[in-house]
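Subject: Structure handover

Hello,

Please find the structure below, with the sequence. My notes on what was found in it follow.

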Amino acid sequence: MKYFSTRGKVSNISFKDAVMMGLAEDGGLLLPQYFPKIDVETLRGKNYQEIAYEVLKEYADDIDREDFKKLLSKSYQAFDTDNIVPLADIKECFLAELFHGPTLAFKDIALQFLGNLFEYILAERSDSVNIIGATSGDTGSAAIYGVRGKKNVNIAILYPNKRVSSVQEMQMTSVMDDNVLTLAVKGTFDDCQNLVKSYFNDANFKKQYKLGAVNSINWARIMAQIVYYFYAYLQLPKAQKVNFVVPTGNFGNIFAGYAAYRMGLPINKLVLATNENDILHRFISKGDYSLADVKATYSPSMDIQVASNLERYLYFLFKENGAKVSDAVNELKNTGKISFSNEEISEVQTLFMSYGVTNKATEETIKRIYDKSSYVIDPHTACAVEACHKLGLNHDNTIVMSTAHPAKFPDVVKKSLGIDVKEPDSIIKMRSLTTKTEVIENDSSMVKERLKQFFS
Ligand SMILES: *Cc1c(COP(=O)(O)O)cnc(C)c1O
């Protein structure tokens, strides 16, 4: 399998190179040349790791087959259930529980795998990488857990001091491996992100210190997420065309659903749920992709402005025309919006539906589901459950992607239900661990010096 860029100027990239490259050199995102066809019925009876192998083998065909199997089984060892992604019935719909990894959010599914993949490729190439990332919470902890203790990889995560939840901070700072550094920057998440961007734009620094990234534009992350669409489908009591409802931020998770659809999984609708940051809902429902200010909501991992992975879908919507994708990206940069024709909007709506959920509705949904099913959902999942409810989707063939464990967002759950969430063992254990972090000024050269020292 070869990979090419959505903007059409990079092609013929191997899987291993695609993993190490992240963003394509023309600024676009990498896509596989084709989507391998899979008959889902041939996967019945296999476990998660075996299904992962069957679904992904053609995408990663430059990795030795036995090694690839080993990489996959290693990637799901730290999960707290053998089932990896269990399906729960909450009466209004089914929930695919994607939060059984070490940091209790769905990002573990891809980042546990990506960490192993990095280690494997770097060993083969006798190379090393220094990862820098900015986080508002979930990505940082999942990335740290993905690479902790791995050879030839260091990771430095910048987060806004006093502005991430206490559980999220503890998940990042209780990791004692020497290859992990956390910096609590005296500023906002945007400040952290700007610092990281400036270091990637510093060509000398980037080259000398072999900087790498693990954000959701990496194809390997999307790819790993395709697996659970197949796996969740296979757990339905009755095989039939299915709706997937996905709490969406950067369009990464739902793009994996689109890839599953292109691979032949019997999908009826892909339903995108947003919070009050509803740019993607406006896009799907009426073709309005115009930027607005980012609001802080109860579901912070979906508080986004530009959905970076949408570009992958636009490539197909624009009939595989890379120049048209480049034009759209420029239009967004220059005018704050992307325009679509009526034909394009109809095309989007043949497969996608969407709904935007307010903070108030998020709270009410957490309460309704608890009263009805004695099941506690987190605020991100609640947006998707509410979308399912409001759009009138059937219980029997609708699966909501449950992206986080409610214990990660105890304040909203307490506000909705008046009770504390029962904490899973992993959090209880974490509370007795020592933590390390460094508070640092929001000062580019100070942070840079600290990074240089750590990477040397
Ligand atoms: C990252 C995240 C999302 C958004 O996922 P995308 O792939 O960016 O659409 C949703 N829910 C939770 C809990 C997350 O951590």
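Lys360 and Glu364 both lie in helix 15 (residues 359-373), four residues apart, which is about one turn of the helix. Helices here are DSSP runs of H or I with at least four residues, strands are runs of E with at least two, and both are numbered from the N terminus. The side chains of Lys360 and Glu364 meet in a salt bridge, with 3.1 Å from N to O. A salt bridge is a side-chain nitrogen of Lys or Arg within 4 Å of a carboxyl oxygen of Asp or Glu. Lys360 counts as exposed at 59% relative accessibility, whereas Glu364 is partly exposed at 44%. Buried means under 20% relative accessible area, exposed means over 50%, and partly exposed is in between (1.4 Å probe, protein chains only). Salt bridges that share partners also join Glu92, Arg368, Lys372, Glu386 and Lys390 into one network.

Before the rest, a note on the source: this is a predicted model, in which local features need pLDDT of at least 70, side-chain atom pairs count only at pLDDT 80 or more, and totals for chains, interfaces and linings use all residues. Residues are numbered from 1 along each chain as its sequence is written, and side-chain values use heavy atoms, with hydrogens and water left out.

Other salt bridges

How many salt bridges does the structure hold? There are 28. One of them is between Asp177 and Arg148, at 2.9 Å from N to O. This pair links distant parts of the chain, 29 residues apart: Asp177 is in the loop between helix 6 (166-173) and strand 7 (180-186), and Arg148 is in the loop between helix 5 (138-147) and strand 6 (153-160). Asp177 is partly exposed, with a relative accessible area of 22%, and Arg148 is partly exposed at 31%.

Lys295 and Glu276 also meet in a salt bridge, at 3.9 Å from N to O. Lys295 lies in the loop between strand 11 (289-290) and helix 12 (310-317) and Glu276 in the loop between strand 10 and helix 11 (279-286), so the pair ties together parts that are 19 residues apart in sequence.

A buried lysine

Lys269 lies in strand 10 (residues 267-274). A polar atom of the Lys269 side chain does lie 3.1 Å from the backbone oxygen of Thr350.

The ligand

The ligand is surrounded by 15 residues, and the closest are Lys107, Asp138, Gly249, Asn250 and Asn253. An oxygen atom of the ligand is 2.8 Å from a backbone N or O atom of Gly249. For Asn253, a polar backbone atom is 2.9 Å from an oxygen atom of the ligand. Taken alone the ligand exposes 380 Å², of which the protein buries 96%. These areas come from the Shrake-Rupley method with a 1.4 Å probe.

Backbone angles

Ile84 has a phi near 60°, a positive value in a residue other than glycine. Most residues other than glycine have a negative phi. Ile84 lies in the loop between helix 3 (65-75) and strand 3 (87-89) and is buried, with a relative accessible area of 1%.

Regards

Terms used
Near = heavy atom within 4 Å. Polar contact = N/O pair within 3.5 Å; in protein donor to acceptor, adjacent residues only side chain to side chain.
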